[in-house]
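Biologist: Please take me through this model one feature at a time. State each cut-off when a term first comes up.

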Amino acid sequence: MLALCVVFALLGAASNATGTVLQRKAALSVPAEDALRPRLMVDMVRQPVWLLGICGVAGAALFQALALVTGPLVLAQPLFILELPFALLISVPVLHRRLPRSGWFAVGCMVAGLALALGSAAPAGGAKQAAMVRWIPALVLCGGVVAVAVALARHRPSGAPRAALLGAAAAVANAMTAAMMKSAADTFSQHGGTAFLTAWQTYGFALCGITAVFLLENALQAGSIAVSQPALTLGDAVVSLALGVFLYGEHIRTGWWTLPEIAGLAVITYGTVHLSRAVPLTQELTA
């Protein structure tokens, strides 16, 4: 089952990366004055490439649900870190870019760091459902973080800081979407469609998912994918790890295993930062 979780999570990361790149391509043609307004979504829907991107996101949601049913949140969501290298590699042909040699090195660092961190942590265990007494503080805290990040972004012009803030807000919304999706998917698996449609988590993850997409669209419109994607990818993994432990009682190895886990996280962070610096150096291919 854990092997299936890994496979589904990797497919979800690749599918979501494809959707993100296609949405970025669509966002490049949207007027800057439509940022953080409902008009942005209207402009996006009119573009076929954006609709293809949404199909990629929908496919990612399906793979993510399957990963969360077959494994713990603390295993499935960190694998979405690979969405960043997937997205940047896909953007090479789609956005007509060249990835420099240093970018390939950074991708290797991210993959090696993730393997080290997850191999050392050996995430497992946990309950299928979370108590309401745990859901309430998690929802309040995550909702507050998203609100603060959006408020700060509104007071900044388009550029790297704004894209990073909106990417971070989208990351928290994504993590909450995954946490509620895990509960809703288990309800569907165990009790069928009627129970699924009457569970509050079903509507919660739908609302959070829409919010995350809206925030991501604005992050992609505000700045380069190399700025918004690291905040989105790393933030999603870290918040999901915290939610998995807090909500579902999932666990990772501690003690001396903490050292290689930290080392793996450091390598991932180095690769992410290095990649975000390398990508702006790419040159557009001539048509």
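Modeller: Helices are DSSP runs of H or I with at least four residues, strands are DSSP runs of E with at least two, and both are numbered from the N terminus. This is a predicted model, in which local features need pLDDT of at least 70, side-chain atom pairs count only at pLDDT 80 or more, and totals for chains, interfaces and linings use all residues. Residues are numbered from 1 along each chain as its sequence is written, and side-chain values use heavy atoms, with hydrogens and water left out.

Biologist: How many helices and strands does the protein have?

Modeller: Along the sequence the pattern reads α-α-α-α-α-α-α-α-α-α-α-α. The secondary structure therefore comes, by the run lengths of the definition, to twelve helices and zero strands.

Biologist: What percentage of the residues of the protein count as buried?

Modeller: Buried means under 20% relative accessible area, exposed means over 50%, and partly exposed lies in between, with a 1.4 Å probe and protein chains only. The protein has 287 residues, and the buried part is 50%.

Biologist: Which share of the accessible surface belongs to carbon and sulfur atoms?

Modeller: Areas come from the Shrake-Rupley method with a 1.4 Å probe, and for residues only the protein chains shown count as cover. The accessible surface of the protein is about 12,900 Å², and the share of carbon and sulfur atoms is 73%.

Biologist: Which helix gives the most to the lining of the largest pocket?

Modeller: On a 1 Å grid over the protein atoms alone, a pocket is an open set of points with protein on both sides within 12 Å along at least five of seven lines, a cavity is a set where a 1.4 Å probe fits but cannot get out, and lining residues have an atom within 4 Å of a point. Points are joined across faces, edges and corners, and a volume is the space filled by probe spheres set on them. The largest pocket has a volume of about 450 Å³; of its 24 lining residues, Asn16, Val57, Asn174, Gly209 and Val213 are the closest to its centre. Helices α1 (2-27), α3 (48-70), α8 (160-191), α10 (200-222) and α11 each supply at least two lining residues, and the most, seven, come from α10.

Biologist: And which helix provides the largest share of the lining of the largest cavity?

Modeller: The count is one cavity of 30 Å³ or more, and the largest cavity holds about 30 Å³ of space. Its lining is Gln77, Phe80, Ile81, Glu83, Leu232, Thr233, Asp236 and Ala237. Four lining residues, the largest share, come from helix α11 (residues 225-248).

Biologist: What kind of pair do the rings of Phe188 and Phe196 form?

Modeller: Rings of Phe, Tyr and Trp (its six-membered ring) pair if their centres lie within 6.5 Å; planes under 30 degrees apart count as stacked, over 60 as edge-to-face and the rest as tilted. The structure holds five aromatic pairs. For Phe188 and Phe196 the centres are 5.6 Å apart and the planes are at 75 degrees, so the pair is edge-to-face.

Biologist: And what kind of pair do Trp256 and Trp257 form?

Modeller: Here the centres are 4.3 Å apart and the angle between the planes is 25 degrees, and the pair of Trp256 and Trp257 is stacked.
Trp256 is exposed at 57% relative accessible area, while Trp257 at 25% is partly exposed. With 25 degrees between the planes, the class of the pair is stacked.

Biologist: Which arginine lies over the face of Trp257?

Modeller: A charge sits over a ring if NZ of Lys or CZ of Arg is within 6 Å of the ring centre and within 35 degrees of the ring normal. Arg134 lies over Phe246 at 5.2 Å from the ring centre. Over the face of Trp257, at 3.6 Å from the ring centre, lies Arg253.

Biologist: Is Cys5 buried or exposed?

Modeller: Cys5 is in helix α1. Apart from residues up to four places away in sequence, Cys5 touches Ala67, Thr70, Gly71, Leu75 and Ala76, where contact means heavy atoms within 4.5 Å. The relative accessible area of Cys5 is 0%, so Cys5 is buried.

Biologist: Is Pro157 buried or exposed?

Modeller: Pro157 lies in the loop between α7 (132-154) and α8. The relative accessible area of Pro157 is 65%, so Pro157 is exposed.
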